[in-house]
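Hi everyone, thanks for coming. Let me put the structure up on the screen so that we can look at it together.

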Amino acid sequence: MATNHKTRMLIIGSGPAGLSAAIYGARAGMEPIVVQGLQPGGQLTITTDVENYPGFREVIQGPWLMQEMQAQAEHVGTRMMWDTITDVDLSGPTFVATGDGGDTYEGDTLVICTGAQAKWLGVPGEQELSGKGVSACATCDGFFYRGKKVVVIGGGNTAVEEALYLTNHSDNVTLIHRRDSLRCEKILQDRLEANPKVSVLWNKKVDQFLAGDNGELRALALTDTVTGDASEFEADGAFVAIGHAPATELFKGKLAMDDTGYLLVTPGTPKTDVAGVFAAGDVCDHTYRQAITAAGMGCQAALDAERYLAEKEFAGVTETVQG
């Protein structure tokens, strides 16, 4: 039998944004429900060392951090649901999400924290060496490659920004691009060309990430896209920077998005173009994409959801009194 679950605050997604929203919402007495989705805990559950989340002097593990966030959310009154949402109805006055098993989740407010996934190359060794030399976030993991030889794969804004960022940690950064020109903004290209710590390998396609005897990344197997020649390029760290894909398929035609699929919010707030529906974290942030910024946005979403309901209830009381 399918069950209908009701709450004042429905949260879809259980990464730092969703769990932070849940903590604040629960403390405000909103009895939030978090529907965890296909990847409970979000991208941090596939991250090993985390050294840039405030409050921990030692390196912590991403899965452990998410377990602690979930435990805190549950401790203050959040209900965690193991389900995956397949459809949403935002027509109101309440918002309804349907799980793949038929259960429905009905919220007076909705907080969308479905996140985004880094795009991967899909070549051998990529997933096997993830966290062992291969990463999709220079800001997250660049610190671990201080003084080492690193490469960035891609040719757009993200790739160039990550290459420039890595020069804070390494004097030997190589950008690998499968074409003979970059797709980034001109100002970024100018900065790249002016930086003596960065070199570019043009017309090279990554075929495989190769492990050394220690199980860590040793080199990349490349093919020249013009000549077809094969080669190896040794590196200690490789950062795949070919973009991110926000998990917004559910909301197409129902919420405003930009041309790359990120949800649009009122600048400086988590408010979408539907009153009572809020977005937080990577699902609407294609600039920072950090656990701490996602958590902050989750806090904002919960506070704004609480205010939205308070104003709505006050308006209803006022209307009753006047009537």
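I'll talk about the cysteines, then a threonine and a glycine, and then a pocket.

Before that, some ground rules. This is a predicted model, where local features need pLDDT of at least 70 and side-chain atom pairs count only at pLDDT 80 or more, while totals for chains, interfaces and linings use all residues. Residues are numbered from 1 along each chain as its sequence is written, and side-chain values use heavy atoms, with hydrogens and water left out.

Let's start with the cysteines. A disulfide here is a pair of cysteine sulfur atoms within 2.5 Å, and by that rule the count is 1. Cys-137 and Cys-140 form the bond, with 2.2 Å from S to S. The link is right-handed, with 70° about the S-S bond.

Are these two cysteines buried or exposed? Buried means under 20% relative accessible area, exposed over 50%, and partly exposed in between, using a 1.4 Å probe and protein chains only. Cys-137 counts as buried because its relative accessibility is 17%, and Cys-140 counts as partly exposed because its value is 28%.

Cys-299 is in no disulfide either, and its nearest cysteine sulfur, in Cys-113, is 12 Å away. Cys-299 is buried, at 17%.

Now, please find Thr-223. This residue sits in strand β15, residues 217-224; strands are DSSP runs of E, at least two residues, and helices are runs of H or I, at least four, both numbered from the N terminus. Thr-223 has a relative accessible area of 19%, so it is buried. The Thr-223 side chain makes a polar contact with the side chain of Asp-207, at 2.3 Å. (A polar contact is a pair of N or O atoms within 3.5 Å; within protein, one must be able to donate a hydrogen and the other to accept it, and residues adjacent in sequence count only if both atoms are side-chain atoms.)

Next, Gly-62, which belongs to helix α2, residues 62-75. Gly-62 is buried because its relative accessibility is 0%. Between Gly-62 and His-286 there are 21 Å in space, C-alpha to C-alpha, and 224 residues in sequence.Last, the second largest pocket: strand β14, residues 204-211, gives the largest share of its lining, 3 residues.
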